[in-house]
Amino acid sequence: MSEATSLLATAEAWLAQDPDDETRAELAGLVERARVCDDVAVAELHDRFDTRLQFGTAGLRGRIEAGSNRMNRVLVSQAAAGLAAYLLEQAPEGVTPSVVIGYDGRKNSAVFAGDTAELMAGAGVRAILLPRLLPTPVLAFAVRFFDASAGVMVTASHNPPADNGYKVYLGGEHHGSQIVSPADAAIAAHIGRIAETALVQDLPRSDGFEIAGEDVVDAYVAETAAVAPAPAGGQLRVVYTAMHGVGWETTRRVLETAGYPAPELVAEQIDPDPTFRTVSFPNPEEPGALDLSFATARAVGADLIIANDPDADRLAIAIPDDAAGFRRLTGNEVGLLLGWRAAQAASAALDGDAAPEGTLACSIVSSPALRLVAEAHGLEFRETLTGFKWISRTPGMLFGFEEALGYLVNPGTVRDKDGISAAVAFLGLATASAQAGESVAGLLDRFADTFGSFGSDQISIRYTELSRIGEVMAGLRALPPTELAGARVTRIDDLADGFEALPPSDVLRVWLDDGTRVMIRPSGTEPKLKVYVDVQSADGDAAERAATVTARLAALRTDLTALVS
């Protein structure tokens, strides 16, 4: 069979089992064009069928289109059946495994969740579908609430509108954390077997799944509100945006239960909208994403802006700024303040001469200043690989964060990043500080006075050819830099074979003689190389330290961009 014939046969076999009218119609059109040797259509079919989506740092995630390398009902059905087979295989004899399933407001999220519930029930797994579209942290909480064997969240977080995804959590000894090796490989093997040996229409389905009651949402709201009850006294004027996602309903209830006044809303972005019509990219980190929030905050004279991403597992904070009106804090700035809050709370809770216990954790690309916070309060500190599937597994964790706006402030409730609990924690911190006469900007200055001034930057280089990423990493390993922006390279840690307690990862960590740290790694979800820069200064007054940090970051950005381009 020729390559072209084989490709067409693969596409037609997919068509025959696709239950979705939309994806079936667009694939049929591609097949017809490929039959008459349309090169663009043939290339598109190769892109869709030469490989298949694999579990990565965020489970499955991709564009909603037909094909094994896209998100669609065929792929999701195979994933659900494969996960069911894994859960049945892992369950002790005589025990029925269980799974709880959540979904957000993206296109097809409810459809994919419904398929998963039917297929799980049909395979003999107890399936519990959350009652409506809800934030990802509620699903992560629900895994523990129901003592489920696993959880599935249908979301693509802050990806573009055309994408969707499938995150998998494990219960039991994993405490509701996202999957890691070897579970991811074992699940992928089951999915591959299902894809090769069974048609989607032949997979057993059942409507015998359960719909969860409101008690699971009520419990999440109660426990999250308890993270930071509103301090008595004056309250801040807050602006909130859900970024067209599912965060507002749950966040409203949490803030109300915790005793905070209702925030001013960015009305255009408050309801779920799968088109994300007011932003070019529904990620609070992206330029322009918070423009409507800034406008609303200026109009009402707000003290603080709180923004969740579309599935509410991330949090962005913005504060008044004399030069810019409002500015978004970096993930490191928010993470360090929340980490300092957690450390102070641990110290304040001590009785007598007892030593504080617990661990502050962050990813290897997040600010190293968290280590200083932990050491100053007699706490343990741990770095993990990037992603909350690693951070959430830190033993004895009090708090964990990553610079990409992810924070875990309440590990007893949710073992994943949670933009809602982080929001109420930060609001409590900012409110108490304001009542004591100190702004968030003042808190940051006090942090710098206590631990030194730290600054961070991220450089993302997008490549058209994936192979270029490997070439750049190989080149850096073969001929590493000896100097960057006038500072000497003192050490390079190659994490490819693991490093100390870290599992193997394609990461280079570069140390300079002025204390600067540079991390270089391929993106886990996009054709990018990412470079993370962290600098510090302890010399001079606050203004001088800040100027030094700013200048160093600018110089390093220039050299590093040239190095990896």
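Colleague: Which element gives the most to the lining of the second largest pocket?
Modeller: H17, with 6 residues. This is a predicted model, so local features need pLDDT of at least 70 and side-chain atom pairs count only at pLDDT 80 or more, while totals for chains, interfaces and linings use all residues. Residues are numbered from 1 along each chain as its sequence is written, and side-chain values use heavy atoms, with hydrogens and water left out.

Colleague: How many residues line the second largest pocket, and which lie nearest its centre?
Modeller: The lining has 27 residues. Arg327, Glu333, Leu444, Ala448 and Phe454 lie nearest the centre. Two or more lining residues come from each of strand S11 (315-321), helix H11 (331-348), helix H15 (440-451), strand S17 (453-462) and helix H17 (542-564). Helices (H or I, at least four residues) and strands (E, at least two) are DSSP runs, numbered from the N terminus.

Colleague: What counts as a pocket here?
Modeller: On a 1 Å grid over the protein atoms alone, a pocket is an open set of points where a 1.4 Å probe fits, with protein on both sides within 12 Å along at least five of seven lines. Lining residues have an atom within 4 Å of a point.

Colleague: What's the volume of the second largest pocket?
Modeller: About 650 Å³. That is the space filled by probe spheres set on the grid points, which are joined across faces, edges and corners.

Colleague: And the lining of the second largest pocket by class?
Modeller: There are 14 nonpolar, 8 polar and 5 charged residues. Ala, Val, Leu, Ile, Met, Phe, Trp, Tyr, Cys and Pro count as nonpolar, Asp, Glu, Lys and Arg as charged, and the others, Gly among them, as polar.

Colleague: Back to S11. Why is S11 described as largely enclosed by the rest of the structure?
Modeller: Because 5 of its 7 residues are buried. Buried means under 20% relative accessible area, exposed over 50%, and partly exposed in between (1.4 Å probe, protein chains only).

Colleague: In which sense do S10 and S11 pair?
Modeller: Antiparallel, over 4 bridges, with S10 at residues 304-308. Two strands pair if DSSP finds at least two bridges between them. Ala307 has Ala316 in S11 as its bridge partner. The hairpin of S10 and S11 has 6 residues between the strands, and Ala312 there takes a positive phi near 65°.

Colleague: How many bridges between S11 and S12?
Modeller: 4, in the antiparallel sense. Ala318 is opposite Arg328 in S12. The hairpin from S11 to S12 runs through 3 residues.

Colleague: New topic. How many aromatic pairs does the structure hold?
Modeller: 11. Rings of Phe, Tyr and Trp (its six-membered ring) pair if their centres lie within 6.5 Å; planes under 30 degrees apart count as stacked, over 60 as edge-to-face and the rest as tilted. Phe141 and Phe145 are tilted, because their planes are at 35°, with ring centres 5.8 Å apart. These two are 4 residues apart in helix H6 (residues 136-145), about one helical turn.

Colleague: Which residues do ring pairs link into a cluster?
Modeller: Phe141, Phe145, Phe146 and Tyr220.

Colleague: Now sheets. What is the strand order in the 6-strand open sheet?
Modeller: S17-S22-S21-S20-S19-S18, with antiparallel pairing. S17 and strand S18 (483-484) are at the edges, each with a single partner strand, so one side of each lacks a neighbour in the sheet.

Colleague: What about S19 and S20?
Modeller: Strand S19 (residues 487-494) and strand S20 (residues 508-512) pair over 5 bridges, antiparallel. Ile492 has Val510 in S20 as its bridge partner. Val510 is buried at 3% relative accessibility.
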